Structure formats: structure tokens, C-alpha cells
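Trainee: Could you walk me through this one? I'd like to go piece by piece and ask as we go.

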Amino acid sequence: MMTSTLDMARLVEGLREQTGSLARAVAVAGSGGAPDLPVPTCPEWTLRTLVGHVGQEHRWAAELVRKGEQLPLPVPELADPGGPEGWSRWLNEGAEELIRAVEGVGADTEVRTLFGPRPAGFWLRRVLSDTCVHHYDAAVVTHSAGEIAYEFAYEIADDLAAEVISETLDLLCTPGFEAVRPGVGELRGRGERIGLRPVGPSGDGWVITRGPGGLSWEHGPVEADVVVSGEVVELMLAMSGRIVVSGGDGRASDTGGDRRVSVAGDRALLDHWLTHSTL
């Protein structure tokens, strides 16, 4: 498994930044009388469930790090974030609890995960990745409430968006992840390659190889059977299933339905990847 290109200070800063932005968005929507609004990007969840999941995940990871042992997986629907008036504080407190736990044991201290021992910093990186994506979910649901929170446009720095892509690919390529998410087994292939090409000054892209023994990925120039191009933030949202990459047929070049990413190459290969890779 590759390690983060960001140092611990940036991971901590990123978690605080993204949790804080998420907290501000949901606090406005919740106090506006919309705690049970559906979340379009998580169809089975309400805003309350989304808030509960994020705060619950932060606290669960913190306890796991402190105890150094694997704990039962949390159930989002059972989380109790309290009333909307306390959501912002509750979310930020959960992030701080995880940060203190990792700093307390040391980021390099090995703790349990579903995939064997990993440094405690693994959980900070994993939770940051999930929080970045759920911040987008919160922005979508509050934005959809009309004037309640229209000012909460989704914002994330390029380095954090790139980190989410890399961390997600690391997870998909981890030996043993298939046992946790059996659908990932469908991503095995015969050497087909999927490329993510960021536009602008975002550095190298990502190339994913679907081998018969599993998945692998690397940074570098993007040459692949299908290439998705766009701003790094849009690539992150596309690969996490948050924006629809639609249109095109066969090997034609096309632009996604929301016109924020472009696709060139084997469209069926990309569609199959997106169907089975979203966490």
C-alpha cells in the first residue's frame, strides 16, 4: 500500500478544514427545519443520517486507535448526532477526538485494521478521505434546500482532492479488501488500463491496471484504454460516484453529462469500473 504524499500536519489541517465546512453547511440546513432532507448522492440517507455517520466514524476510528484493536463496524443508521442545533459542535468534536488519538499514540504506531496492522496515521488518512466526500454530500443536500444554504458551495483544495483519489485507489488495491467489499472482485481484468488525467498544474495523473490477480495503480503520464480528464476535484467526485459521467458510446470521445469531465476511449470499461469501485 502506498503512503500519503501529504505530511501529518496537512492531514490534520485537512480534516479540520473539511469537517468544519461540512459542519457549517449541515448546521444551517438543520436549523432551517430540514434535518430529514434526503441526500441525493446517498439515496438511502437523510441529512441526519449523514451527520450521524460522519461523527460516528470519527469517534469509532479514535477509539480503535486508542485501544489498538479492531472494533465492530459502526452502523450509520444507529448513530445519534442529537438535535440540529448541536450538529456543528458534535462533528468538530469528533474530528478533534480522532486527531488527539493519533497524536497520542504516534502516527507511526501500528494499530489494527480490517487488513492487518497499519500505522495509526492510516485512520487519519482514511477518515479524511471519507469526510472530503461526505462534505460534498452535505453541500449538495443543503444547496438543494433552496435559500436555506445556497452559499455553501463545495470547496476543497487540489492537494486534498488528489489525496482522496490516491487513498481510495490504495484501498481498492489492498490485499484482503475484496473480503470486505466482494464487489471489488469484479474489477479484476486482463491488463486493461484506466487513466485519470488532471488538467492544469495538478501534477501527474493516475493509471489503474486491472490485472487477473487484482488491481494496481501508479502515478505518471496517462496512457490508457480509457482516459478521464478534468480538474482534480472533478476527477475525485467522478471516481467517488458523486457526479455522473454520462454520454458517449464505444470508443468515441465525449463530455460527461455535467460537462465537468471528458472521457476518451473505451466507455464500457469506464462504466464497469464506476459501477463496481464506488466505496
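Trainee: How do the axes of helix H2 and helix H3 cross?

Mentor: The axes of H2 (residues 47–67) and H3 (residues 87–105) come within 8 Å and cross at roughly 20°. That makes H2 roughly parallel to H3, as angles under 35 degrees count as roughly parallel, over 145 as roughly antiparallel, 65 to 115 as roughly perpendicular and the rest as oblique. Axes here are lines fitted to C-alpha atoms, for helices over the stretch in contact, with angles from 0 to 180 degrees between N-to-C directions.

Trainee: Which hand does the crossing of H2 and H3 have?

Mentor: It's left-handed: the near helix is turned anticlockwise from the far one by less than a right angle, while clockwise would be right-handed.

Trainee: Before we move on, what am I looking at, and how are residues numbered?

Mentor: It's a predicted model, where local features need pLDDT of at least 70, side-chain atom pairs count only at pLDDT 80 or more, and totals for chains, interfaces and linings use all residues. Residues are numbered from 1 along each chain as its sequence is written, and side-chain values use heavy atoms, with hydrogens and water left out.

Trainee: OK, how many helices and strands does the protein have?

Mentor: There are 8 helices and 10 strands. Both are DSSP runs numbered from the N terminus: helices are H or I with at least four residues, strands are E with at least two.

Trainee: And how much of the protein is buried?

Mentor: Buried residues make up 53% of the 279 residues. Buried means under 20% relative accessible area, exposed over 50%, and partly exposed in between (1.4 Å probe, protein chains only).

Trainee: Let's switch to strand S8. How many of its residues are buried?

Mentor: 5 of the 5 residues in S8 (residues 226–230) are buried, so the strand is largely enclosed by the rest of the structure. Val226, Val228 and Gly230 point one way, while Val227 and Ser229 point the other way.

Trainee: Which strands does S8 pair with?

Mentor: S5 (residues 192–198) pairs with S8 in the parallel sense over 5 bridges, and S10 (residues 261–265) pairs with S8 in the antiparallel sense, also over 5 bridges. Two strands pair if DSSP finds at least two bridges between them. Look at Gly230: it's the bridge partner of Pro198, and it stands opposite Val261 in S10.

Trainee: You mentioned Ser229. What does Ser229 touch?

Mentor: Not counting residues up to four places away in sequence, Ser229 touches Arg197, Leu235, Arg260, Val261 and Ser262. A contact means heavy atoms within 4.5 Å. Ser229 has a relative accessible area of 15%.

Trainee: Now helix H7. Is H7 mostly covered or mostly open?

Mentor: Mostly covered: 8 of its 8 residues (232–239) are buried, among them Glu234 and Met239. Just after H7, Gly241 takes a positive phi of about 75°.

Trainee: How does H5 pack with H7?

Mentor: H5 (residues 158–173) and H7 pack at an angle of about 30°, with their axes 8 Å apart. That makes H5 roughly parallel to H7. The contact is made by Asp158, Ala161, Ala162, Val164 and Ile165 of H5 and Val232, Val233, Leu235 and Met236 of H7. The crossing of H5 and H7 is left-handed.
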